[in-house]
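Thanks for asking me to look this one over.

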Amino acid sequence: MNLPAKNKAESPEYLAVQAQEVPQKELEQGKGWIKVVAGRYAELTSQIPSYSEQFIYHLHLEAGQQFSLATQGGLEYAAFLLESNVSINGDAYTAGEFIEFDRKDGAIDVYNPAEKAIDLIIFGGESYTEPIVAEGPFVMNSRTEIAVAYRDFFNGKYGEIVYHN
């Protein structure tokens with residue numbers, strides 16, 4: 001996850017979140033469930049730290065069911081269809097498609113026309129306005145910061161990886 005510039009120099013952290021630890025909510029009337037991988041939804045909050053308004057939801061929708069997600073103006077919203085076709089806001093989409101929505105108030109209305117349950121990922125958040133430079137495992141805001149990150153890595157400032165047989 002790319003951090004804002006002010007947080008890039010913080011000590012690195014690793015947080016192992018197991019599947020059963022991801023907050024999950026059953027949808028009304030057995031329609032399915034929603035997991036909050038990152039961010040917040042209703043009363044659920046992910047364990048993963050958030051440095052800006054961002055979210056990743058895993059939606060599981062039973063056959064013939066509908067789910068509506070209210071959208072907030074100014075935030076970016078997108079969806080990725082994992083294995084099944086779906087109808088979103090009245091338009092048909094096929095498995096493997098990436099869908100980007102406008103940044104207006106409204107809703108994302110998902111309908112599952114299939115005879116089996118479907119899964120999709122809905123994600124987004126506030127716009128990231130800082131410059132982004134990515135190289136290898138590093139994501140920084142300038143080429144100079146990338147060079148410093150490599151220097152620090154090779155000088156052992158990121159710790160040591162120990163292999164055990």
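Below are some numbered points on strands, pockets and salt bridges.

1. Before anything else, keep in mind that this is a predicted model.

2. Six of its seven residues are buried, so strand 2 is largely enclosed by the rest of the structure.

3. Now look at the partners of strand 2. Strand 1 (residues 24–26) pairs with strand 2 in the antiparallel sense over three bridges, and strand 5 (residues 54–61) pairs with strand 2, also antiparallel, over six bridges.

4. On to the largest pocket, which holds about 1,100 Å³ of space. It is lined by 27 residues, and the closest to its centre are Leu-3, Lys-8, Glu-10, Pro-12 and Glu-13. Strand 14 (138–140) and helix 1 (143–154) are the elements giving two or more residues to this lining, with helix 1 providing the largest share, five residues. By class, the lining has 18 nonpolar, four polar and five charged residues.

5. The second largest pocket has about 500 Å³ of space. Its lining counts 24 residues, and Ser-52, Gln-54, Gly-124, Glu-126 and Tyr-128 are the closest to the centre. Strand 5 turns up again here: along with strand 7 (76–81), strand 10 (98–100) and strand 12 (118–125), it supplies at least two lining residues. The classes come to twelve nonpolar, seven polar and five charged.

6. How many salt bridges does the structure hold? Eight. In one of them, Arg-103 meets Glu-76, with the closest N and O atoms 2.8 Å apart. Arg-103 is in the loop between strand 10 and strand 11 (106–111) and Glu-76 is in strand 7, so this pair ties together parts 27 residues apart in sequence. Arg-103 is partly exposed at 38% relative accessible area, and Glu-76 is partly exposed too, at 28%.

7. Arg-103 also forms a salt bridge with Glu-100, closest N and O atoms 3.5 Å apart; Glu-100 is exposed, at 54%.

8. Lys-157 is exposed at 60% relative accessibility, whereas Asp-152 is buried at 14%. Back at Arg-103, shared partners join Glu-76, Glu-100 and Arg-103 into one salt-bridge network.

Technical notes:
Residues numbered from 1 in each chain as written. Predicted model: local features only at pLDDT ≥ 70, side-chain atom pairs only at ≥ 80, totals over all residues. Heavy atoms only, no water. Buried < 20%, exposed > 50% of the residue type's maximum accessible area, 1.4 Å probe, protein only. Helix = DSSP H or I, 4+ residues; strand = E, 2+ residues; numbered from the N terminus. Pairing = 2+ DSSP bridges. 1 Å grid on protein atoms, 1.4 Å probe; cavity = no way out; pocket = protein on both sides within 12 Å on 5 of 7 lines; lining within 4 Å. Points joined across faces, edges and corners; volume = space filled by probe spheres on them. Nonpolar A, V, L, I, M, F, W, Y, C, P; charged D, E, K, R; others polar. Salt bridge = Lys/Arg side-chain N within 4 Å of Asp/Glu carboxyl O.
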